[in-house]
Amino acid sequence: MILLEGDLVVEQSGEPLKGMVSPGDAIGELSILTDKPSPIQYRCQSKCTFAALPSRTATWLHRVDACLEWLAVEGSRCLYRQGDPMCGFFIVLSGRLVALEDAADSAPVPRMPQLRSRAVPSPPGIRVREVLLRGSLCGELDCLRNATYSQTVQASRDTEVCRVSPMLLQLVALEFPRAILHFSSQIGRKPPQSEASASAKYKTTITVVPATADVDINRVCSRLTAALNVLGNAMHITPSTDLFCAAPGVQGAVRNLDEGRLARLLADLEERNRWLVYEAEAPGSKGVTDWTRRCVRQADVILVATNFNGQGRGDVPQTLNEKHVRDAAPLFVTRELLLLHKGVQGKSGKVSKLSSMDDWFVGAAARADSLRPGVTGFVRHHLFAPHRGGGMMRSTRHYLNPRPWASSWHHVRVGHGDSVDWNRCARLLAGKAIGVCFGGGGARGNCHFGVIKAMQELGIPIDIVSGTSFGALAGAMYSMSAPEPSSLPALVKRVMTKQFSARKMMLDLNFPRTAYFTGAYLNSVLKEIFARRRLEDLLIPFACTSTDIVHFEEKVHRDGPLWRVIRASMSLVGFVPPIPHQERREDGKVSTTLLVDGGYVNQYPIEALKDHGAGTVICIVACPDYAPVCTDYGDVVRGGLVSLQRRFGCCRRGSGDPPSQAEIQERLMFLVEAMKESHSSRADLVICPDITNFGLLDFAKFEEISQSGYEAALPELKAWLRQAPEAVHATISADADQAAEKSVNEVEYGSRRGYRSWRTSASQAARRLLTSPRLRSHSAGSNLHLQASDADYEAENEG
């Protein structure tokens, strides 16, 4: 029976027992299952109302119990394969399954190649059809049709399922025929699930694996759990935690529990918490520990934490734990790198000016400034090294090259005021990050910087950035200046006033066989801005798109030399030539393609943000509404005559001039955008500044354009915040305390002005060194050293 209302007291042999029966609780269930009288008595303390089950329920429950079987499936094991005889359907109780099918039998999927994808790679010829989470069914259609299984179902982590025998369906059909009809209709109405829609939903368990023993793994997991608790309920599980033992009088660490009980307790914790953070162990004397193996099998996401060492050269080899993650991690589990950047402190506990140069982001920026193209940059790099010892600096790619399994990476600065980085990492993992998409538009794209200023004033963090054409340039400049936010206005002013020049652009004119300009001017501008920086070294994740005109596909760039990637995304057809691009395919061969402006395939790369953890997307439109063009100018256009007529005001037609090449190019770029789903429906907020009075090449008016973006964004962002969900407000409040603080780099060096003076002194010292008699006396040895380093220098920095 089920108590509907009232209170019951539990007694046995006339003595009261602890606990009471509340409304909604069932009593006598043990008697129904065993078909024997119960030794427990229930006494009503008030008027009670019950709902009684029929007497034949006991027999029916025994039949149901005989048709059910609980199974534990280890990660990477197949539950059943395509073509196996049908033995019933399955219900996922805990864990996660993936339904696989042959790629040849499935419909073709649109390709979006990128050098490193956050999506979990599938084996050749296999495609993930559906992700089965807790409460999902699999094999039910085959059971109804009484046919062999039509797909392969595999456990991507340790999973517990319940197998329902086909006999149960026959019993239900005999006793309750309408239930079978309802069951069939529910299966028919189940919508097909896309892999992208479930990417953030199924990430419940996060395993943090230390690469080496010097990683403070307990602190890393504690900081990550604290950041996740801002977004939802999260729990930190260590190998010595005692929170699993809920039974009275039972104690013991997690590692001491048997497999069956541990699996049930972990499943119960997943029910009560949104995220579980497993703390793995460093490799011991006997190799990878059993607890680490268990954590890897239990994970939806695997984070490999390693201390970033910027000193030295060459790729960093994998450790034992990383090799286990590479080889023993179940298929279809996301594996990412967590790069920890530690500040160097003096004896007093404070970071001095000299030791703050060891901060990797500052050192990498200074080193990249000295690695400019040409002989001067080469001499500065080899003869005036800013770091002690004068050795090469490692970059992120030296960690990524030996680890092709890492689909993404996170930079976290460990130390005082590191909450901002931890909060950003947690939001990206939870799929609740705030992403900003910068659209293209030439000089009118300077409105992006005004929107960034408005977001900084309101305390809205930017966790990930994407862009196309000039939007890619704006996004890269923001991500590059993220370690020192106050340096962005000065950087924008320097670029727009000194780098972009109409006179220098005219000197780059070319015979228009491929394009009107040679591309040398744009290359020099981008090299002067970004030097030798790379995408994977940016603190804020950044992605941009380009168009591959050889393989007819879209490219999403997340790593590589920054200036080349931006050059590809800004290569407007007809103005600058396509840029060659080399990449290594899955088969190991290197292929060369030609890349042009990404606006021809995707003017607003919003999908790149959502695929990498953005839950809220703000899109900025830098192109005004198009004015109508003249459509009745005839079948022939003589450009010189049209220009003269327009110059002297003697146009014979009053309808206007034919469209210029710039207008035609702009309309072609937005043709694909008009044919696909609108960006306003794909983004959560769209900001459209009033920039109709500015042209594509009005770089000198960057301050006015930026102010237009600021004035348009501030009221729209305030209105959006009033209606934003609680998760967004929690995100802003979590970073509010850290937003006003300056980084150590800004306090010690006064933003990039300090680096500008450093570069000046570096140039003077390099010239003095080159003209000194000591260098001339050792010129032979130096020439040998420089020649030997030249090839390695180009290979290491150009990629």
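Student: In this model, is Ser469 buried or exposed, and what is its relative accessible area?

Tutor: The model is a predicted one, and in it Ser469 sits in the loop between strand S21 (464-467) and H16. Residues count as buried under 20% relative accessible area, so Ser469 is buried, with a relative accessible area of 11%.

Student: What is the phi of Ser469?

Tutor: Most residues other than glycine have a negative phi. Ser469 is not a glycine, yet its phi is positive, at about 60°.

Student: Is Phe552, which has a positive phi, buried or exposed?

Tutor: Phe552 belongs to the loop between strand S22 (542-548) and strand S23 (553-557), and its phi is near 55°, a positive value in a residue other than glycine. Exposed means over 50% relative accessible area, and Phe552 has 72%, so the residue is exposed.

Student: What is the strand order of the open sheet of four strands, and which are its edge strands?

Tutor: Strands of a sheet pair through backbone hydrogen bonds, either parallel or antiparallel. Here the pairing is antiparallel and the order is S6-S13-S8-S11. Pairing on one side only marks the edge strands, which are strand S6 (68-73) and strand S11 (137-138).

Student: How many bridges join strand S8 to strand S13, and which residue in S13 is the bridge partner of Val92?

Tutor: Strand S8 (residues 89-94) and strand S13 (residues 159-164) run antiparallel and are joined by five bridges. In S13, the residue that partners Val92 is Val161.

Student: Which parts of the chain does the salt bridge of Arg157 and Asp300 tie together, and how many residues apart in sequence are they?

Tutor: Side chains of opposite charge can pair when their charged atoms come close; for Arg157 and Asp300 the N to O distance is 3.4 Å. Arg157 lies in the loop between strand S12 (152-155) and S13, and Asp300 in the loop between helix H8 (290-297) and strand S17 (301-307), so the pair ties together parts that are 143 residues apart in sequence.

Student: Are Arg157 and Asp300 buried or exposed?

Tutor: The cut-off for a buried residue is under 20% relative accessible area. Arg157 has 1% relative accessibility and therefore counts as buried. Asp300 also has 1% relative accessibility, so Asp300 counts as buried.

Student: Which residues do salt bridges with shared partners join into one network, and how many salt bridges are counted?

Tutor: Among the salt bridges is that of Lys555 with Glu553, whose closest N and O atoms are 3.4 Å apart, and both Lys555 and Glu553 are buried. Through shared partners, salt bridges join Arg96, Arg134, Arg157, Glu270, Glu271 and Asp300 into one network. The count of salt bridges comes to 20.

Student: In the salt bridge of Arg326 and Asp327, which residue is exposed?

Tutor: The side chains of Arg326 and Asp327 meet at 2.7 Å, N to O. Arg326, at 35% relative accessibility, counts as partly exposed. With a relative accessible area of 53%, the exposed residue is Asp327.

Student: How is helix H6 oriented relative to helix H14, and which residues of H6 make the contact?

Tutor: The axes of helix H6 (residues 217-229) and helix H14 (residues 419-430) come within 8 Å and cross at roughly 70°, which makes H6 roughly perpendicular to H14. H6 passes H14 in a right-handed crossing. On the H14 side, residues in the contact include Trp422, Cys425 and Leu429, and on the H6 side the contact is made by Val220, Arg223, Leu224, Ala227 and Leu228.

Student: Which helices are included in what covers the buried residues of H19?

Tutor: In helix H19 (residues 520-530), the buried residues are Tyr521, Leu522, Asn523, Val525, Leu526, Ile529 and Phe530. What covers them includes helix H16 (470-480), helix H17 (488-499), helix H18 (502-506) and helix H20 (562-569).

Student: How are H17 and H19 oriented to each other?

Tutor: Arg494, Val495 and Gln499 in H17 meet Tyr521, Val525, Glu528 and Ile529 in H19, and the crossing of the two helices is right-handed. Their axes are 11 Å apart, and the packing angle is about 155°. Angles over 145 degrees count as roughly antiparallel, so H17 and H19 are roughly antiparallel.

Key: Residues numbered from 1 in each chain as written. Predicted model: local features only at pLDDT ≥ 70, side-chain atom pairs only at ≥ 80, totals over all residues. Heavy atoms only, no water. Pairing = 2+ DSSP bridges. Salt bridge = Lys/Arg side-chain N within 4 Å of Asp/Glu carboxyl O. Buried < 20%, exposed > 50% of the residue type's maximum accessible area, 1.4 Å probe, protein only. Axes fitted to C-alpha atoms, helices over the stretch in contact; angles between N-to-C directions. Parallel < 35°, antiparallel > 145°, perpendicular 65-115°, else oblique. Left-handed = near helix turned anticlockwise from the far one by under 90°. Contact = heavy atoms within 4.5 Å.
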